[in-house]
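Hi everyone, thanks for coming.

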Amino acid sequence: MALISLGLVLVSNAKFFSNLKQPIAYNEEVAFDWFEYQGQDTMFDSNIPTQNEYVNPILAGFYPDPSICRAENAYYLVTSSFSYFPGLPIFKSSDLVNWKQIGHVITRKSQADFNGGVSRGLFAPTIRYHQGTFFVICTNVSSKGNFIVTSTNPEEGWSEPIWLPEIDGIDPDLFFDDDGKIYITHNGPPPGNISKHNGHRAIYTWEYDLKKQKVISDQKLLVDGGTDMAKEPVWIEAPHIFKKDGYYYLFCAEGGTGYNHSEVVFRSKHIYGPYTSYENNPILTQRHLPKERSNQITTTGHADFVELPNGDWWGVYLGCRPYGDDHYNTGRETFMLPLKWEANGWPVFEQGNDPHLFVYTRPELALNTEQIPPTTGNFVNRDDFDSGSLGNIWNFIRTPNSQWYTLENGQLLVTPQDENMHEETKFSFIGRRQQHASFEVATEFSFVPSQSTGAAGLVAFQNEKHYLFIGKRLTDQGNSEVFLEQSFGDSLEILASKALEEHNQNLWVKIVGRSKYYDFYYKQHKDEDWRLLKANVDASLLSTKVAKGFVGSMLAMYASSNHF
């Protein structure tokens, strides 16, 4: 097929950087010896699944907008990643419970070169498998909009983007009909670009030609506004079309990707409609439940579905685990529930509108006993940087312009760049997702700053105006100190600092998170006790409610020659 002829290339981090210009040399190289993350959520400790159960979320932490497909006896799942690089993490499973990250869809600068805000970049992908080829369709809001990439083996890389200039809006879906026709369905502005109320959007579809690699029809309106225009529905989006028993089922998210989020469904005998809204919509939401309930799961919606070989259907969707009044630093996560088909032919999530639990009976699939890094529950993840390359959990902020790190002799060596994290630039940042409300993260590094503008350390990062950074620097008097910096909106503040022993280059730093409050520790010798730098720092500034945007918090190693 013409789509595949674009070529598939596996690009590791090392290969990616080999094609980039080398950075300016500084004398302030930072050597990170190891990085350890440990989840400590009491919810996971009190909800341990049996062999016949699974635990939600199936992907803990910032993994929103999930999309899923089946290829023979394996299942593949992708999520949004916005301006983090590599983009669109992809997971594989044989049992829908144990998921292994096999890479990313976007691994090359030629596919996506991110600039601008962290919550820009790649929105809401859809993954599909058809006649031996995988397809991902997505929106890059920082570039040319909607595009398709393909692969015959997702573990070996994906093609260059095929851009779809005719298609505006976001959240594109790819549907392969049984008559051989292909349709792209997406969210877009209301008809005539005339909004009847705030949040008024619409769902459209186009026919797509696989060989010509372009749309071959006019835009067709499927849904205007949502389930009931009399109620002024908002943000109809995330469409996915499936065909079953002669009906086209159109699943959509409605209500906005916040507390009022939901999943709704329409159906029609014809691909172009008219589509009828299910009378018992929404089929998935938690917005009607009391906020005072314990162990909440909220913000549920943006679902996608897969049929098992035995005919069972399962849906993956995003949700949140808040603390306090709808605060969550972990971002929007990936959950899963079974989908049931009623006698009248309408699909409903099993217990979709009941308070969601954390443990359910797992799908009827053979349990995978392979030892793979866990994606949920409480776990310890440690990287000693001795594998020769960075693992799939690591992310850069935007697409790097140059090679500023190496892995040598069991150390991650970072050359501090002139850019810093006060601005929306491509600064020296290597981070992993915060996957638990309660956690510990620590690292050991060696750094000898030569000027007072340099800094390096460990950051809990939401965006450039919302972070907490424990690091090492020189004072104006030329002495080394450990410090804690807070960025909150337009305010930068040093919350605490302590002088360091000058003869010791190494510094251990640790963050202990307890939902809203974080504690910050340091030490200069391996065998000494941790010293408290600052306790009970209000970390709600890292929550989506405060920081806004669409991402969750990252815990990252960071260095800059020009931080101050």
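Let's start inside: the largest cavity is lined by Arg321, Tyr323, Tyr328, Asn329, Thr330, Gln434, Ala437 and Ser515. A word on terms: on a 1 Å grid over the protein atoms alone, a cavity is a set of points where a 1.4 Å probe fits but cannot get out, a pocket is an open set with protein on both sides within 12 Å along at least five of seven lines, and lining residues have an atom within 4 Å of a point. The volume of this cavity is about 40 Å³, taken as the space filled by probe spheres set on the points, with grid points joined across faces, edges and corners. Its lining splits into three nonpolar, four polar and one charged residue, where Ala, Val, Leu, Ile, Met, Phe, Trp, Tyr, Cys and Pro count as nonpolar, Asp, Glu, Lys and Arg as charged, and the others, Gly among them, as polar.

Before going on, please keep in mind that this is a predicted model: local features need pLDDT of at least 70, side-chain atom pairs count only at pLDDT 80 or more, and totals for chains, interfaces and linings use all residues. Residues are numbered from 1 along each chain as its sequence is written, and side-chain values use heavy atoms, with hydrogens and water left out.

Now, where does Gln434 lie? Gln434 sits in the loop between strand 31 (428-433) and strand 32 (438-446); strands here are DSSP runs of E, at least two residues, numbered from the N terminus. Gln434 is buried, at 1% relative accessible area (buried is under 20%, with a 1.4 Å probe and protein chains only). Its side chain has a polar atom 2.9 Å from the backbone oxygen of His436, and makes a 3.0 Å polar contact with the side chain of Tyr518. By polar contact I mean N or O atoms within 3.5 Å; within protein, one must be able to donate a hydrogen and the other to accept it, and residues adjacent in sequence count only if both atoms are side-chain atoms.

On to the second largest pocket, with about 550 Å³ of space. Of its 19 lining residues, Arg128, Tyr129, Phe175, Phe176 and Phe242 are the closest to its centre. Strands supplying at least two lining residues each include strand 8 (122-130) and strand 17 (237-244). This lining has eleven nonpolar, one polar and seven charged residues.

Finally, confidence: the chain's mean pLDDT is 94, on the predictor's per-residue scale from 0 to 100.

Key. Helices (H or I, at least four residues) and strands (E, at least two) are DSSP runs, numbered from the N terminus. Buried means under 20% relative accessible area, exposed over 50%, partly exposed in between (1.4 Å probe, protein chains only).
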